[in-house]
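Please consult the sequence and the model while reading.

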Amino acid sequence: MRDEEEATDGPTDPRVHPEESPGFGVDPDGLEDIEVDRDVTIGEATPRELQATDIRPVADDSVEEKIAALAEGDVVERRRVALALGEESASEGLLDALIGVGLTDDDADVRQFAVESLGNLGGERAGVAAVETLEDENPWVRAEALVALDRIDRAAFEPHIEAALGDDHHAVRRNAAVSLFKLRGEDTLGILLEQSRDKSERVREWAAHLLAGVDDDRAEARLTELASDDAEPAVVRSTAARSLEADPGKFRRQFTGGTEKDSAQLPGESRLNRRPDL
């Protein structure tokens with residue numbers, strides 16, 4: 001066994017777009033098997049709604065103007081400023097708005113962007129609010145709350161992150177496991193073995209991916225089983241096969257969760273279309 005090495009710091013990736021999948025590019029034919037499950041009806045969003053994550057139109061607005069729009073704007077304006085406020089310097093008034101207005105908005109996307117901004121701002125109040133958001137009725141908001149907690153202080157919020165392993169939505173369970181892997185490294189073996197048998201192929205795929213960082217015979221045996229199981233989607237099998245070839249220590253040192261590429265979206269490309277959130 002190699003010496004234990006914790007994974008490097010970095011925010012948990014909430015995306016579920018097939019191109020952000022660990023197995024993408026290995027077996028393109030297997031992409032049709034990937035579970036996305038965002039409960040979205042294609043074709044109903046307007047062009048303006050699809051551009052709600054482009055914060056350039058409000059870049060020059062003052063914090064006060066953005067806060068006013070968060071409370072009084074239409075849904076697109078509220079989404080945009082909820083996200084844009086995360087680029088500002090933290091202040092009590094800004095936190096009051098994101099927590100008291102953004103996180104209580106009727107629109108789930110506004111709430112998701114509000115908790116994302118809280119994660120960017122950091123601090124005790126933001127962390128407490130993100131913990132409370134783990135009870136949100138929308139799973140993508142809960143998944144984003146885990147991203148925020150992971151970014152703010154995953155060690156301090158470890159009990160809340162671990163509790164989210166029991167959530168009924170695959171995106172939340174997966175985000176919790178990724179955050180715990182970055183915190184505990186090889187000590188997540190039991191969690192990953194359990195998730196490798198999860199009912200969701202998205203969770204199983206990411207469990208197989210993270211097992212690459214565990215130098216243990218049980219991890220190797222489970223990956224071998226997954227890689228040769230014809231009942232598994234191709235993307236799970238190919239991910240397991242690649243994990244078998246990885247160096248566990250190197251994987252842990254280099255693993256950040258993938259969100260370092262999150263800023264590379266095209267203007268007007270919805271972040272929600274790339275989420276699954278991991």
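Is R197 buried or exposed? R197 is exposed, because its relative accessible area is 54%; buried here means under 20% relative accessible area, exposed over 50%, and partly exposed in between (1.4 Å probe, protein chains only). The structure is a predicted model, in which local features need pLDDT of at least 70 and side-chain atom pairs count only at pLDDT 80 or more, while totals for chains, interfaces and linings use all residues. Residues are numbered from 1 along each chain as its sequence is written, and side-chain values use heavy atoms, with hydrogens and water left out.

Side chains of opposite charge can pair when their charged atoms come close. A salt bridge is defined as a side-chain nitrogen of Lys or Arg within 4 Å of a carboxyl oxygen of Asp or Glu, and the structure holds 21 salt bridges.

One of these joins R197 to E225, with the closest N and O atoms 3.6 Å apart. R197 lies in the loop between α10 and α11 and E225 in helix α12 (residues 217-227), so this pair ties together parts that are 28 residues apart in sequence. Helices (H or I, at least four residues) are DSSP runs, numbered from the N terminus. E225 is partly exposed, with a relative accessible area of 39%.

A further salt bridge is formed by the side chains of R173 and D198, at 2.7 Å from N to O. Because R173 belongs to helix α9 (residues 170-184) and D198 to the loop between α10 (189-195) and α11 (201-210), the pair ties together parts that are 25 residues apart in sequence. R173 counts as buried at 6% relative accessibility, and D198 also counts as buried, at 13%.

D216 and R218 form another salt bridge, their closest N and O atoms being 3.0 Å apart. Here D216 is buried, with a relative accessible area of 16%, whereas R218 is exposed at 53%. Elsewhere, a network of salt bridges links R79, D107 and D109.

Technical notes. Helices (H or I, at least four residues) and strands (E, at least two) are DSSP runs, numbered from the N terminus.
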